[in-house]
Amino acid sequence: MSNAHPFRVLRAKRLWTVNGVIVGFVALLFTVFYVGANIDPAGHLHKLPVGLVSADEGAKVGGKQTDLGAQITQSIKKSSQGGDRIDWKVMDEEEMREELGKGKLFGALVVPRDFTATVAALTGPGAAGKPVRPTLTVLTNQSAGSVGSSMARQAAQSASAQVGEQLTAQAEAAQDQLPAAARLLLADPAVVQIEDGHPLDSHSGLGLSAFYYSLVLVVCGMLAANVISGQVDHALGYTHSDMGPLRVHNPLLRATRVQTLAISSTLMIGLSLLMGSLALAGAVGIMGMDASHLPLLWLFSVCTIAVVGIGGLGLLAVFGTPGMLFITIFYIAMAVPTSGATVPLQALPGFYRALGEFEPLRQITGAVRSILYYDAQADAGLTRGWVMLGVGLAVAGLFGFGVTRFYDRKGLHRIPADEEPQPLLGRA
């Protein structure tokens, strides 16, 4: 046993170098993923789905049946053909409500039924009375994400302004014969009404409760994996356990790596029932989160924690202590910015959009949104969430048990704590 002062370890270059590389890498990685993904959503906008609906019934103008609503939708579609920022989807009102109710649209622009008739009244015989501005309705969808909904609203308002310019240009020839009130309205003819296309209950976090609840499930799974891995190692006698000033070391129960992972996974599945129940009770029962389909939400919560936890246990079993770093990167660093919860995937750079296709938090959030906001409709994200949980469980099982079995067959057995060699940190 060396009598050297313990602070002498601070003179070891390796201690500074190894830890500096690791923490520096983590700092840079989190900065790139979090700041890089969200620094310019408008500049990276690509095919944000926005509904375009014309309910206009048309009217007789100058003895000819006219439908300005159809002309407007064609004009908006044609004007956006050269760009790919907004994906205008022409549909009827029923389709639009259905798509908003599944989170597949971030908003919509609606031309009302009496639009042509109201425009005609500005330049027709009734203009001498009390002319009324035609109205365009912009629908938002906060349940699909507040930032995406805001972008859709801006796009719809911009299109509305374009409509107003077209109406003004068309009426210029008749303006000299119109009364002052009508001429004033024609200078800015279209009134834009903003409405919530898919209202949420008051305790829905402005459309973010699904994301935060999903994040809770992921964090529960990954932290539980870390705790269970350590406690199983302690129970088997491979590691010490420090409880305050006390150190406990159990008798050694030799287990293969596969057996250890199987024990940990079994414990993870059992404790997921507890964690999923408490997460739901805390969110709904204590904090009052608006939620329906509670049995389904409970089942999905339990399965999510179990799958994330088993994935984390696999990484810890394969990589050891660095496994927790990989867990943090995969489940948090890469997952949160690509979840589509705050900034929609359509407003992220291409690299982040690609990550969002398989990152678990996005799939989990989509399924929880479906349960909380969209009446648990299968094609509103719920089916995709279940499928991706199944795929994640299969990949985690194949990876974790496959690699640990390989370790066992190669004779890479675990060394009990009291037999571990004490490596030198390096010389100053």
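So, Arg369: who does it touch? Leaving out its neighbours within four places in sequence, Arg369 is in contact with Ser143, Ala144, Gly145, Ala210, Gly340, Ala341 and Tyr374. Keep in mind that this is a predicted model.

Arg369 itself sits in helix H12, which covers residues 360–373. Now, is Arg369 buried or exposed? It's buried, and yet it has no salt bridge. Glu357 is the nearest side chain of opposite charge, and that one is 12 Å away. What Arg369 does have is a backbone oxygen: the one from Ala144 lies 3.4 Å from a polar atom of the Arg369 side chain.

Okay, over to the surface. Phe7, Val9, Leu10 and Trp16 form a nonpolar patch there, and together they show about 450 Å² of accessible area. Of these, let me pick out Trp16, which is part of helix H1, residues 13–38. Why do we call Trp16 exposed? Because its relative accessibility is 58%, and the cut-off for exposed is over 50%.

Last bit, the whole chain. We've got 428 residues, and 43% of them count as buried. The chain has 13 helices and nine strands. Take the contacts with a separation of 6 or more: 77% of those are between residues 24 or more positions apart. And the accessible surface? About 22,000 Å² for the protein chain, with 62% of that belonging to carbon and sulfur atoms.

Note on methods: Residues numbered from 1 in each chain as written. Predicted model: local features only at pLDDT ≥ 70, side-chain atom pairs only at ≥ 80, totals over all residues. Heavy atoms only, no water. Patch = residues over 30% accessible without salt bridge, like charges linked within 9 Å, V, L, I, M, F, W, Y side chains within 5 Å. Areas by Shrake-Rupley, 256 points an atom, 1.4 Å probe, with all protein chains shown as cover. Salt bridge = Lys/Arg side-chain N within 4 Å of Asp/Glu carboxyl O. Helix = DSSP H or I, 4+ residues; strand = E, 2+ residues; numbered from the N terminus. Buried < 20%, exposed > 50% of the residue type's maximum accessible area, 1.4 Å probe, protein only. Contact = heavy atoms within 4.5 Å. Lys, Arg positive; Asp, Glu negative; His and termini not counted. Polar contact = N/O pair within 3.5 Å; in protein donor to acceptor, adjacent residues only side chain to side chain.
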